[in-house]
Amino acid sequence: MSIRPILETRHAQPTLEGAGVKLHRAFGFADPSELDPFLLFDDFRNESPADFAKGFPWHPHRGIETITYVLSGTVEHSDSLGNTGRLGAGDVQWMTAGSGIMHQEMPQGDPNGQMHGFQLWANLPASLKMTTPRYQDINSGEIPQIIDDDGAVVRVIIGAFWGRTGPVDGIAADPQYLDISIPPGVKKTLPIDTYRRAFAYVFEGSAAFADASAPAGVLLEKEVAGEEVNIRDMSGNRTLIRFGSGDEITVQAGADGVRFLLISGAPIQEPVAWHGPIVMNTRQELLQAMNDLRNGSFVRPAH
Ligand code: FE
């Protein structure tokens with residue numbers, strides 16, 4: 001067994017998106033090969049409706065999948081094909097934009113005015129960029145929740161983990177999307193298949209992740225339970241951790257426990273031509289998408 005090294009840790013950066021929604025972006029619009037097959041990860045957590053109520057009005061997507069996971073508040077969704085939906089706390093929407101959708105996503109806070117959720121973009125390979133659009137709306141209750149003897153809780157949104165399989169039917173990136181909570185002080189070793197590219201996103205509490213390679217920049221170094229490993233303390237304040245290759249990660253929760261997403265997938269390794277919410281392989285395909293938007297043929301009518 002080999003522990004994955006930590007390639008990089010980084011705080012999500014404040015960003016304004018949609019019609020003026022304040023969110024934090026962990027990655028996106030920089031080097032698309034960095035976390036291939038994933039392109040972008042946004043954390044929309046706000047305490048005040050003024051910071052999110054304008055939402056994400058009508059916009060197109062083509063060539064990707066967008067995955068929305070709501071923790072509190074709701075997101076109302078509708079598209080130009082007539083699909084509508086409402087995501088509540090714990091729900092997931094896995095949208096395969098494929099050949100093209102026009103949609104709007106409007107967050108609404110909980111009774112306290114709070115909103116919290118995540119949106120991940122997964123790339124599609126050339127063979128599926130123009131596939132028929134598809135929605136998978138998953139209710140919270142359909143998501144398997146595994147409770148380990150030590151109190152650790154894992155929600156399996158997609159992929160197989162500890163003998164359970166998430167309800168989302170993956171397309172190309174063979175993704176695994178886990179929501180993991182670990183009680184204070186508890187140490188876990190979590191397997192990740194070697195072919196996957198993986199990242200964690202810590203959003204509550206803190207944890208120390210073992211670092212097999214201990215590159216420069218290690219924040220904290222100490223012995224854990226007699227093992228000589230280098231660990232990094234991660235505050236829960238919106239921290240991305242990018243892992244290198246190996247077949248497991250080791251994490252020890254801090255004094256208040258930790259909650260993080262652990263997301264991995266098979267790299268697609270194709271050229272990326274990216275313009276806003278449209279991600280294709282070539283510039284020519286981007287120009288085609290712009291042309292389709294202009295002449296009204298972007299969204300194919302439903303059959
Ligand atoms: Fe969108």
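Trainee: Which residue in β4 stands opposite Phe27?
Mentor: Phe41 in β4 does. Strands here are DSSP runs of E, at least two residues, numbered from the N terminus. This is a predicted model: local features need pLDDT of at least 70, side-chain atom pairs count only at 80 or more, and totals for chains, interfaces and linings use all residues. Numbering starts from 1 along each chain as its sequence is written, and side-chain values use heavy atoms, leaving out hydrogens and water.

Trainee: How many bridges join β3 to β4?
Mentor: 3 bridges. β3 covers residues 21-27, β4 covers 38-46, and the two run antiparallel. Strands count as paired if DSSP finds at least two bridges between them.

Trainee: And the sheet, what's the strand order?
Mentor: β2-β3-β4-β11-β6-β9-β12. That is 7 strands in an open sheet, with antiparallel pairing.

Trainee: Which are the edge strands?
Mentor: β2 (13-17) and β12 (134-138). Each pairs on one side only.

Trainee: New topic. What coordinates the iron ion?
Mentor: His59, His61 and His103 through NE2, plus Glu105 through OE. The distances run from 2.1 to 2.3 Å. Donors are N, O and S atoms within 2.8 Å of the metal (3.2 Å for Na, K and Ca); water is not among the atoms, so sites may look incomplete.

Trainee: How are the donor residues spaced in sequence?
Mentor: H-x1-H-x41-H-x1-E. His61 lies in strand β5 (residues 56-61) and Glu105 in strand β10 (residues 101-108), so this pair ties together parts 44 residues apart in sequence.

Trainee: Are those two, His61 and Glu105, buried or exposed?
Mentor: Both His61 and Glu105 are buried. Buried means under 20% relative accessible area, exposed over 50%, partly exposed in between (1.4 Å probe, protein chains only).

Definitions and conventions:
Helix = DSSP H or I, 4+ residues; strand = E, 2+ residues; numbered from the N terminus.
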